[in-house]
Amino acid sequence: MTTAYVTHPNCLKHDMGPGHPECPDRLAAVNEAMRSSGLLEGLRTLEAPLAAVRDLERVHDPAYVQAIFASAPREGRVQLDPDTAMNSYSLDAALRAAGAGMLAVDEVIAGRASNAFCAVRPCGHHATRSSSMGFCIFNNVAVAAAHALAAHDLQRVAIIDFDVHHGNGTEDIFSAPQWRDRVLMASFFQHPFYPYSGAEGAAPNMINVPLPAHSGGAQVKAAVEQHWLPALDEFAPEMIFVSAGFDAHREDLLGGMSLIEADYEWISHRLMETARRHAQNRMVSMMEGGYNLSALGRSAVAHVKTLAEIRIP
Ligand SMILES: [Zn+2]
């Protein structure tokens, strides 16, 4: 069985302005790295559909969803918050980024793919129930996880977040009491660092591991083995979601951690083993941050070749 690669050309057209680090070239770099490594031909490429309003409303305040639709400009650019803007393609891109994860869930549960990587933007994990934040409009991984629970009748799913920044939006959504028995979130993140959350007062379904600046592979492996894996084994998720940000890479200057490609490979292996033990291998990974184009491309290849169990030189 193959790994699905879910993406859409309109995700390349969402552009938040000159000099913005969350730029179209990021997705182009990932696509190009998949192609030039030879990995892409071993994947099943699928076009991301648009998420529907009702899909978004499982995790977002309906008034917020409506406000985003109303904000979308026909031309020019509109600023949603200090870090996040929309151009005329952004609404389509944001709906496709959310829809990608839902299609990935459907494909994996139907057995047409063993797992999936969604190469999409805008990213999602800072978007809360009722606000955009930190380059994120809709919380893509949250929409996908809620879709798996609601439309496929799963009882428990886990969300893993290895972006350098704390996934405060995902935490905001799934800390709510009605989700606590059904969603476990496990993450590490640089702390203290943007968005300055996650270190204290987390809900019981949040496994947060704040790590100091300059943490590298050894610290991350300890966090995964001591905190993530025991919690995942106890929770026994039926599907594993990944907020796959690659900005903890040592070459990424937006983050201050020191991971290398082999670390992303190691994390991905551990998650594959967990998915094998509890979740019939089901795993859906969604691109989040990563701002050094070369490191982003190489790290995404390291992650996806592990998911696909493809050996490339
Ligand atoms: Zn990030």
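Which residues line the largest pocket?

## The pocket

They are Glu265, His269, Met272, Glu273, Arg276, Lys305, Thr306, Glu309, Ile310, Arg311 and Ile312. A pocket here is an open set of points on a 1 Å grid over the protein atoms alone, with protein on both sides within 12 Å along at least five of seven lines, and lining residues have an atom within 4 Å of a point. Helix 8 (261–278) and helix 9 (293–308) are the elements giving two or more residues to this lining, and helix 8 gives the most, with five. Helices are DSSP runs (H or I, at least four residues) and strands are too (E, at least two), numbered from the N terminus.

The largest pocket has a volume of about 230 Å³, taken as the space filled by probe spheres set on the points.

## About the model

This is a predicted model, where local features need pLDDT of at least 70, side-chain atom pairs count only at pLDDT 80 or more, and totals for chains, interfaces and linings use all residues. Residues are numbered from 1 along each chain as its sequence is written, and side-chain values use heavy atoms, with hydrogens and water left out.

## The zinc ion

On to the metal. Its protein donors (N, O and S atoms within 2.8 Å of the metal, or 3.2 Å for Na, K and Ca) are Asp163 (OD), Asp163 (OD), His165 (ND1) and Asp247 (OD), lying 1.9 to 2.8 Å from the zinc ion. Along the chain they follow the spacing D-x1-H-x81-D. Aspartate 163 sits in the loop between strand 6 (157–161) and helix 6 (168–174), and aspartate 247 in the loop between strand 9 (239–244) and helix 8, 84 residues apart.

Aspartate 163 is buried, at 1% relative accessible area, and aspartate 247 is buried too, at 0%; buried means under 20%, with a 1.4 Å probe and protein chains only.

How values were computed
1 Å grid on protein atoms, 1.4 Å probe; cavity = no way out; pocket = protein on both sides within 12 Å on 5 of 7 lines; lining within 4 Å. Buried < 20%, exposed > 50% of the residue type's maximum accessible area, 1.4 Å probe, protein only.
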